[in-house]
Amino acid sequence: MSKECSFCKSVESVDNRLLAGEDIYICENCVVSAYKIFFGEEGEQEVKADLDLKLFTPKELKAVLDNYVIGQDEAKKVFSVAVYNHYKRILKQNTVDDDTEIQKSNVLFVGPTGSGKTLMAQTLAKYLDVPIAITDATSLTEAGYVGEDVENILTRLLQVADNDIEKAERGIIFIDELDKIARAGENRSITRDVSGEGVQQALLKIIEGSQVNISPKGGRKHPNQEFTQMDTTNILFICGGAFAGLDDIINKRLGSNVLGFGQEKRGKDEKADLLSFVEPDDLVHFGLIPELIGRLHAITTLSPISEEAMVQILTEPKNSIVKQYKKLFAIDKVALSFEENALKAIAALAITRQTGARGLRTIMEDIMLDIMYELPELAGYEILITEDVVKNKAKPLYVKPKQDKKSA
């Protein structure tokens, strides 16, 4: 005898499962209907989101960032609050009974290359278990021009979410090098700007929140193509850029007396101090259109990384480069250690190249190449990287087991 719902008398099926109690059954449709009666029409969507997306406090989010990103405390705080408010808006907006609609707060990072902008976005996306798509603004063009359509960012997010549209619609999109698509000056160009203002205009629609038809496979749109509709209302957009020259715009607005008299040339720290005074109007002067700036509500600046912080980045985070290399060596039963001066020399080299923390990996790969080539034959040894290895490509110290080890 087939089972039936005690409320609506429908028979159990694949599309309408039954939940059993003591001599009573309730079907899936009746459960949904009951939830709507008690909690309103939006209840079904909200409870579904709650099942696979947990809300973390700003302090919890910043603590996660502290494990992976050295310094940049103010930026981490701003970002943590923005992310918390964004997902609180998605999950909890309907818990307060009024008709006020909370708008989402997208984020703009202003800071030099390699200062941690992308790493912060990737870290929280992984921790929250939401998909993230990262793109370079310079690769984007207006529809109809050679290049990548702005809508392809959404396609990439959908692909990262394993084509789960609901998961993608709560994901994160990071657009780097936004400063590279600023128009030249505040005056609008007479001709069409393929890589600048036109792309900014195209970004407005998806950043603000709208229904966008995208191609699940990417590429250019064409007639007779199948489209997937994606709602960007709950997607968090994070934009970043170095904005070289923005400090001069801020200095002009504030006046030359802000950082003292008679200073013909500012140092890196003073430039970072100026960037902390950035206002939306400064970004308009730089070349971003006001409509786009108006959709990037949380603006925060990141400082250039000092040599001391660079050494910390090399050694302290959970996935630091030094820890990764030590594990690679340990797999081959080789111990690896670094002199303090060697780490400082690596940090100084990265600062000289102006590549930020991103350049540390390249420098390390160059230093370790010859050692890694011989690594499988060095089981049982300890290898010590000295300052001479970094600066002059000298051979490292190979310490045999059960011998007195040389220390820095």
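This is a predicted model: local features need pLDDT of at least 70, side-chain atom pairs count only at pLDDT 80 or more; totals for chains, interfaces and linings use all residues.
Strand β10 belongs to an open sheet of five strands with parallel pairing, in the order β4-β7-β10-β3-β11. All six of the six residues of β10 (residues 236-241) are buried, so the strand is largely enclosed by the rest of the structure.

**Strand β10 and its partners**

- On one side of β10 point L236, I238 and G240, on the other F237, C239 and G241, and all are buried.
- Strand β7 (residues 172-176) pairs with β10 in the parallel sense over four bridges.
- F109 stands opposite G240 in β10.

- The order β4-β7-β10-β3-β11 describes an open sheet.
- β4 (132-136) and β11 (298-301) stand at the edges with a single partner strand each, so one side of each is left without a neighbour in the sheet.
- Direction ignored, neighbouring strands of this sheet are turned by 15 degrees against each other on average.
- Helix α4 (residues 73-92) packs on the sheet and touches β3, β7, β10 and β11, and its direction makes about 160 degrees with that of β11.
- Helix α6 (residues 152-160) lies across β4, β7 and β10 and runs at about 145 degrees to β4.

**Nonpolar cores**

- The largest nonpolar core has 42 residues, of which L154, I173, L178, L203, I206 and L246 touch the most other members.
- Helix α8 (residues 197-208) gives the most to this core, with five residues.
- Not counting residues up to four places away in sequence, L154 touches I173, I206, V212, I214, M230, T232, I235 and F237.
- A second, separate core of 32 residues includes M310, A345, M364 and V389.

**The three-stranded sheet**

- Another open sheet has three strands in the order β12-β13-β14, with mixed pairing.
- Its edge strands are β12 (335-338) and β14 (397-399), each of which pairs on one side only.
- From one strand to the next, the twist averages 20 degrees.
- Strand β13 (residues 382-385) and β14 run antiparallel and are joined by three bridges.
- Y398 in β14 is the bridge partner of I383.

Notes
Residues are numbered from 1 along each chain as its sequence is written. Side-chain values use heavy atoms; hydrogens and water are left out. Buried means under 20% relative accessible area, exposed over 50%, partly exposed in between (1.4 Å probe, protein chains only). Helices (H or I, at least four residues) and strands (E, at least two) are DSSP runs, numbered from the N terminus. Two strands pair if DSSP finds at least two bridges between them. A nonpolar core is a set of buried Ala, Val, Leu, Ile, Met, Phe, Trp, Tyr and Cys residues joined through side-chain atoms within 4.5 Å. Contact means heavy atoms within 4.5 Å. Axes are lines fitted to C-alpha atoms, for helices over the stretch in contact, and angles run from 0 to 180 degrees between N-to-C directions.
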